[in-house]
Amino acid sequence: MKTEEIIDRLRHPHKYRTKSADASKASTGKQQASNNSSQLLSWIAPALFACVLVIIFVTWLFVLHAKNKADNLTEALEPSQVEGLMYDAEFNPSKDVTYVQITEGSDRNVSVDTLGTTLPIISRYNYQAITPNNYKIIGMAPWALTENFAANLQDPELIQYLLNRPEVGEAFVARADVAPLLEDPKLLTALAQDETTLNEFFSSQTIAQMLEDEKMVRAIAGSRFMSYLLISKAVKFYRDNPQQAVKLINASPTLRTLRRNPGIRQAVEENRYLKPIAKQLLGNTSAPSATQK
């Protein structure tokens with residue numbers, strides 16, 4: 001510091017005191033602003049973090065609610081909302097298709113133990129909540145269709161809805177024990193000539209009860225599921241050669257009994273694939289009267 005400045009400071013101390021005070025105030029103001037900014041940031045950071053947590057929590061609640069709704073099958077739909085069940089009303093199964101080509105392979109084989117310990121059972125309460133994969137299991141698992149029939153013997157409308165699901169029919173015709181029968185007419189002929197197997201199946205309690213209900217028989221015959229069977233290569237062989245089918249029917253006591261069933265006769269006459277050959281298949285055999293039945 002120069003000598004003149006020292007002397008001047010001694011003579012006029014107030015002049016330098018003001019500048020020092022102003023500098024001190026400025027410094028204090030800057031420090032206070034910095035402190036305020038730090039305090040604001042320290043408050044905003046937790047607030048933003050809390051908002052993120054709230055969003056995550058609300059999203060989780062929605063997901064959990066949706067999952068519970070899907071899992072809670074008995075409350076998925078009220079019975080009053082399922083009158084007139086329909087599925088794919090415009091379905092026109094393979095109008096110009098001559099047959100279904102089934103390809104065998106290891107990926108088509110059905111292993112029952114991989115399907116789980118329980119089978120999905122459809123009802124008017126849960127039919128919309130059942131997943132496409134569950135419908136596929138119903139089609140591919142042995143006896144799964146029969147179990148679903150047994151649970152809905154008084155509801156032909158629901159059974160037709162089940163059989164109209166494409167997942168059911170596609171999985172069934174791809175089964176390792178079904179695909180060869182639908183591909184080879186000779187194998188299908190062998191099955192039709194196996195009287196023990198035919199009688200065992202059609203005399204089972206569930207199937208027998210279904211055959212007694214004309215509405216049930218017609219619902220099954222008019223379903224997408226039945227169309228998959230009728231347009232298969234093996235069945236089409238008999239549709240193109242109805243005289244061969246008649247020989248099989250005449251040679252089997254079980255098939256002759258089925259031919260006299262009023263519901264089956266009406267279903268054959270109404271079916272778009274069987275209608276052209278209905279007279280040949282049914283012959284002159286008349287349905288039994290109520291007393292005879």
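The following legends describe close-up views of a predicted model.

**View 1. Crossing of helices H8 and H13.** Helix H8 spans residues 185-192 and helix H13 spans residues 233-240. Their axes come within 8 Å and cross at roughly 80°. Because angles of 65 to 115 degrees count as roughly perpendicular, H8 and H13 are described as roughly perpendicular to each other.

**View 2. Residues in the contact between H8 and H13.** On the H8 side, the contact is formed by Pro 185, Leu 188 and Thr 189. H13 contributes Ala 234, Val 235, Phe 237 and Tyr 238. Classified by residue type, this contact of H8 with H13 comprises six nonpolar residues, one polar residue and no charged residues.

**View 3. The aromatic pair Phe 172 and Phe 225.** The model contains four aromatic pairs, one of which is formed by Phe 172 and Phe 225. The ring centres of these two residues are 4.9 Å apart and the ring planes are at 55°, so the pair is tilted. Phe 172 belongs to helix H6 (residues 166-173) and Phe 225 to helix H12 (residues 224-230); the pair therefore ties together parts that are 53 residues apart in sequence. Both Phe 172 and Phe 225 are buried.

**View 4. The aromatic pair Phe 237 and Tyr 238.** The rings of Phe 237 and Tyr 238 have centres 5.1 Å apart, with planes at 80°, so this pair is edge-to-face. Both residues also take part in the contact of H13 with H8. Phe 237 has a relative accessibility of 34% and therefore counts as partly exposed, whereas Tyr 238, with a relative accessible area of 11%, is buried.

Definitions and conventions:
Residues are numbered from 1 along each chain as its sequence is written. This is a predicted model: local features need pLDDT of at least 70, side-chain atom pairs count only at pLDDT 80 or more; totals for chains, interfaces and linings use all residues. Side-chain values use heavy atoms; hydrogens and water are left out. Axes are lines fitted to C-alpha atoms, for helices over the stretch in contact, and angles run from 0 to 180 degrees between N-to-C directions. Helices (H or I, at least four residues) and strands (E, at least two) are DSSP runs, numbered from the N terminus. Angles under 35 degrees count as roughly parallel, over 145 as roughly antiparallel, 65 to 115 as roughly perpendicular and the rest as oblique. Contact means heavy atoms within 4.5 Å. Ala, Val, Leu, Ile, Met, Phe, Trp, Tyr, Cys and Pro count as nonpolar, Asp, Glu, Lys and Arg as charged, and the others, Gly among them, as polar. Rings of Phe, Tyr and Trp (its six-membered ring) pair if their centres lie within 6.5 Å; planes under 30 degrees apart count as stacked, over 60 as edge-to-face and the rest as tilted. Buried means under 20% relative accessible area, exposed over 50%, partly exposed in between (1.4 Å probe, protein chains only).
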